[in-house]
Amino acid sequence: MMIRVLPSARRAAEAVARLLAECLAAEPHLVLALPTGRTPVDMYSALVRLHRRGRADFSRATTFNLDEFVGLAAETRASYRAFMRRHLLDHVNLAAGRAHVPRGDAQSPAREAARYERAIADSGGLDIAVLGIGANGHIGFNEPGPTLSARTHVVRLTLGSRRANRAAFGGRTANVPTHAISMGVGTILSADMVVLLATGRAKARIVQKALTGPITTRVPASLLQTHPRCLVVLDRAAAGGLRT
Ligand code: PGA
């Protein structure tokens, strides 16, 4: 596991964006797993800026988002598909048909999860998985528990995760869907490279636990310690609990 600490959240996000742009230049057919949330917003802005300067070409890339809320249609503003449109897809040259997000409004979420997993395999598998980390240690929406699922599945969200997402739902946790479709930890760890971006003091404790604590399903991000090519990019605040 390699850890890079940057002086600010913005610099950390830019570092990941630059890395992705360089990987796209070296391998235009890159297959990426992409996160949503507050943390990656700066990373997407940086990618859009790089694209405008001709330094990030998505024309042959494929992306798979990590997760989506069950019950939300792609057009719904609070959906992760809409988030991706606002922050990346509307601004770069990524073909719509190659930007994948699980369909939250699928009639059978379980079948949609299986279809999504097959689509990832059919694309040749993930080259790079870019992740955030929840305050509870979740990656994607793989919530802490006695067990974890390997493949894309339907997950029941913890109250904390629903609370963390309430801003997009009129500030009301009760309006946040109770379930999501999420890549499994096996799907994520199957990527050739994993990049975890975490910023802010609120993440310092969980970052320390995930990177230096025991590997346990109670801290899903701790499984990243087993990955042979995992890069963790932090700002100083998120690195506060680490001895660096
Ligand atoms: P955040 O979410 O970036 O909004 O903190 C991270 C996550 O839950 O993976």
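In strand 8 (residues 179–182) of this predicted model, His179 is the bridge partner of Arg156. Strands, like helices, are DSSP runs numbered from the N terminus, a strand (E) having at least two residues and a helix (H or I) at least four. Strand 7 (residues 153–156) and strand 8 are paired in the antiparallel sense over 4 bridges; two strands count as paired if DSSP finds at least two bridges between them. Strand 8 also pairs with strand 4, again in the antiparallel sense, over 3 bridges. Within strand 8, Ile181 stands opposite Glu68. Residues are numbered from 1 along each chain as its sequence is written. Because the model is predicted, local features need pLDDT of at least 70 and side-chain atom pairs count only at pLDDT 80 or more, while totals for chains, interfaces and linings use all residues, and side-chain values use heavy atoms, with hydrogens and water left out.

Val70 is found in the loop between strand 4 and helix 3. With a relative accessible area of 22%, Val70 is partly exposed (buried means under 20%, exposed over 50%, and partly exposed in between, for a 1.4 Å probe and protein chains only). Residues up to four places away in sequence not being counted, Val70 touches Gly104, Pro109, Val154, Pro177, His179, Ala180 and Ile181, where contact means heavy atoms within 4.5 Å. Pro102 is 32 residues from Val70 in sequence, and the two C-alpha atoms are 9.0 Å apart in space.

Strand 6 runs parallel to strand 2, to which 2 bridges join it. The bridge partners in strand 6 are Ile128 for Leu32 and Ala129 for Ala33. Strand 6 is also joined to strand 9 by 4 bridges, the two running parallel, and Val195 in strand 9 stands opposite Val130. Both faces of strand 6 are covered, with Ile128 and Val130 buried on one side and Ala129 and Leu131 buried on the other.

Thr62 belongs to strand 3 (residues 62–65). This residue is buried, with a relative accessible area of 9%. Neighbours within four places in sequence aside, Thr62 is in contact with Leu30, Val31, Leu32, Leu94, Arg98 and His100.

The largest nonpolar core holds 37 residues, of which Met43, Phe58, Leu88, Ile128 and Val233 touch the most other members. A nonpolar core is a set of buried Ala, Val, Leu, Ile, Met, Phe, Trp, Tyr and Cys residues joined through side-chain atoms within 4.5 Å. Two or more residues of this core come from each of helix 1 (9–26), strand 2 (31–34), helix 2 (41–52), helix 3 (80–89), strand 6 (128–131), strand 9 (193–198) and strand 10 (230–235). Helix 1 gives the most, with 10 residues. Phe58 touches Leu24, Leu47, His51, Leu88, Val92, Asn93 and Leu94, residues up to four places away in sequence not being counted.

Leu223 is placed in the loop between helix 7 (204–212) and strand 10. Its relative accessible area is 18%, and Leu223 is therefore buried. Beyond residues up to four places away in sequence, Leu223 touches Leu148, Val185, Leu189, Ile215 and Thr216. Leu211 lies 12 residues from Leu223 in sequence and 8.9 Å away in space, C-alpha to C-alpha.

The largest pocket has a volume of about 850 Å³. On a 1 Å grid over the protein atoms alone, a pocket is an open set of points where a 1.4 Å probe fits, with protein on both sides within 12 Å along at least five of seven lines, and lining residues have an atom within 4 Å of a point. Grid points are joined across faces, edges and corners, and the volume is the space filled by probe spheres set on the points. Among the 36 lining residues, Thr36, Gly37, Arg38, Ala164 and Asn165 are the closest to the centre of the pocket. Strand 4 (67–69), helix 3 and helix 5 (159–164) each give two or more residues to the lining.
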